[in-house]
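Student: I would like to learn how to read the main features of a model like this one. Could we take them one at a time?

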Amino acid sequence: MGAMTEMPTALQTYLRMWNERDVARAHELLAEAVTDDIVFADPHDFHEGRAEMERNVERFRRRFPTATLSLASGVDGQNDRYRYAWEIHVDRELLIEGFDVSTLAADGRIERVDGFFGPLPALAE
């Protein structure tokens, strides 16, 4: 069973970035939180580089202008990798839930985010 870990500053900044409505400020937060060569992978997107990540965030904000992302769990970490559950709500309605595994670079910024949507599947019987 995982133990609760303190959330690194880069992850705090990254999560705040997803809720930022001002695009220029979101880009600033992203630059603080992730490396230039960030790798982002989830069921809908796979891209490398902060410029592509910025475009991803812009698309998300255009599609869901009132969406808010919040943590749905504590943070578990080991060997510069951190996992945490999240939820995205639009006008108090749950849009999607999932979890990320984020890897930090030596400088403390995020170098990779692997996101998964929904709960884990049940065991096959």
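Student: What percentage of the residues in the protein chain is buried?

Tutor: First, the conventions. This is a predicted model, in which local features need pLDDT of at least 70 and side-chain atom pairs count only at pLDDT 80 or more, while totals for chains, interfaces and linings use all residues. Residues are numbered from 1 along each chain as its sequence is written, and side-chain values use heavy atoms, with hydrogens and water left out. Buried means under 20% relative accessible area, exposed over 50%, and partly exposed in between, with a 1.4 Å probe and protein chains only. By that scale, buried residues make up 39% of the 125 residues in the protein chain.

Student: How many helices and strands are in the protein chain?

Tutor: Helices (H or I, at least four residues) and strands (E, at least two) are DSSP runs, numbered from the N terminus. The protein chain has three helices and seven strands. Read from the N terminus, their order is α-α-β-β-α-β-β-β-β-β. The radius of gyration is 14 Å, close to the 14 Å that the globule rule gives for 125 residues, so the chain is as compact as a globular protein of that length. That radius is taken over C-alpha atoms, and the globule rule is 2.2 Å times the number of residues to the power 0.38. Along its principal axes, the C-alpha trace spans about 45 × 35 × 25 Å.

Student: Which residues have the most contacts inside the largest nonpolar core?

Tutor: In soluble globular proteins, nonpolar side chains tend to be buried together. A nonpolar core is a set of buried Ala, Val, Leu, Ile, Met, Phe, Trp, Tyr and Cys residues joined through side-chain atoms within 4.5 Å. The largest one here has 28 residues, and those with the most contacts inside it are Tyr14, Met17, Trp18, Val34, Met53, Tyr84 and Ile110. Two or more residues come from each of H1, helix H2 (23-33), strand E1 (34-41), H3, strand E3 (67-71), E5 and E7. H1 gives the most to this core, with six residues.

Student: With which residues is Ile110 in contact, leaving aside its neighbours within four places in sequence?

Tutor: Contact means heavy atoms within 4.5 Å. Ile110 touches Ala10, Leu11, Tyr14, Ala33, Val34, Thr35, Ile38, Ser102, Thr103 and Leu104, once neighbours within four places in sequence are left aside. For the chain, residues 24 or more positions apart account for 42% of the contacts with a separation of 6 or more.

Student: Which residues lie nearest the centre of the largest pocket?

Tutor: Rolling a probe the size of a water molecule over the atoms shows where empty space is left. On a 1 Å grid over the protein atoms alone, a cavity is a set of points where a 1.4 Å probe fits but cannot get out, and a pocket is an open set with protein on both sides within 12 Å along at least five of seven lines; lining residues have an atom within 4 Å of a point. Grid points are joined across faces, edges and corners, and a volume is the space filled by probe spheres set on the points. The largest pocket holds about 520 Å³ of space. Its lining has 20 residues, with Asp42, His44, Asp45, Phe60 and Phe117 nearest the centre. H3 supplies the largest share of that lining, four residues.

Student: Where is Phe117 placed?

Tutor: Phe117 is in strand E7, and at 27% relative accessibility it counts as partly exposed. Apart from neighbours within four places in sequence, Phe117 is in contact with Asp42, Pro43, His44, Trp86, Ile96, Glu97 and Gly98.

Student: How many cavities of 30 Å³ or more does a search of the whole structure find?

Tutor: The search finds one. The largest cavity has about 60 Å³ of space, and H1, H2 and H3 each supply at least two residues of its lining. Among the lining residues are Met17, Trp18 and Arg61.

Student: What is the phi of Asn79 near?

Tutor: Most residues other than glycine have a negative phi. Asn79 has a phi near 50°, a positive value in a residue other than glycine. Asn79 sits in the loop between strand E4 (76-78) and E5 and is exposed, with a relative accessible area of 67%. Arg92 has a phi near 70°, also positive; Arg92 lies in the loop between E5 and E6 and is exposed at 83%.
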